[in-house]
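Look over the sequence and structure first.

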Amino acid sequence: MKAFPISNLRTRPERRRGAAVVEAAVVLPVVILFLLGILEYGRYVMTLQVLTNAAREGSRYALSHTEPVTIQGVTYGNATSDVTNVVSQFSAGQQLTGQTIQVYASDAFGNSQGPWTDAAAGESICVRIAGNYNFVVPQMLSLPSSIPIVAQAVTRSEGN
């Protein structure tokens with residue numbers, strides 16, 4: 001049996017002082033881009049949900065206000081501006097570029113059937129919000145600067 005010298009059994013630890021810095025420099029940009037992508041997608045989904053809810057609330061308001069209410073000679077509730085005010089209140093400050101809000105009587109699929117104030121029992125009212133959603137950091141994520149969004153709610157009148 002041959003004996004090994006002790007100096008051969010002990011190996012000196014390799015010197016890797018800068019390895020962690022190099023690994024972090026390679027991985028960190030990818031992780032940051034991934035997190036930015038998640039945040040952008042989350043903002044997009046949140047905006048879409050908030051605007052869909054605002055359209056739903058506007059549609060509910062329009063259904064209950066197809067007939068004007070007159071109190072002491074002042075007429076309330078039967079103007080399209082009243083519906084758009086309700087939509088703006090429920091949009092929680094979320095605005096699209098070039099945003100338009102349409103209110104109209106519709107079929108079950110959201111196709112226009114005329115003025116919303118003419119909707120009778122059994123007919124539907126549609127509130128449609130359309131515009132462009134702008135990303136915060138589109139160049140870093142190779143995204144377009146904006147994409148179109150349409151949020152609409154169609155609500156059937158059960159009786160006025």
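## Sheet and helices

Alanine 105 has glycine 114 in strand 4 as its bridge partner. This is a predicted model: local features need pLDDT of at least 70, side-chain atom pairs count only at pLDDT 80 or more, and totals for chains, interfaces and linings use all residues. Residues are numbered from 1 along each chain as its sequence is written, and side-chain values use heavy atoms, leaving out hydrogens and water.

Helices (H or I, at least four residues) and strands (E, at least two) are DSSP runs, numbered from the N terminus. Two strands pair if DSSP finds at least two bridges between them.

Four strands form an open, antiparallel sheet in the order 4-3-5-6. Strand 4 and strand 6 are the edges, each pairing on one side only.

| Pair | Bridges | Direction |
|---|---|---|
| strand 3 (residues 97–106) and strand 5 (residues 124–134) | Eight | antiparallel |
| strand 3 and strand 4 (residues 112–114) | Two | antiparallel |
| strand 5 and strand 6 | 11 | antiparallel |

Threonine 100 stands opposite alanine 130 in strand 5. Serine 124 faces arginine 156 in strand 6.

Helix 2 lies across strand 3, strand 5 and strand 6, at about 30° to strand 6. Helix 3 packs on the sheet and touches strand 3 and strand 5. Contact means heavy atoms within 4.5 Å. Axes are lines fitted to C-alpha atoms, for helices over the stretch in contact, and angles run from 0 to 180 degrees between N-to-C directions.

The axes of helix 2 (residues 19–64) and helix 3 (residues 80–90) come within 8 Å and cross at roughly 145°.
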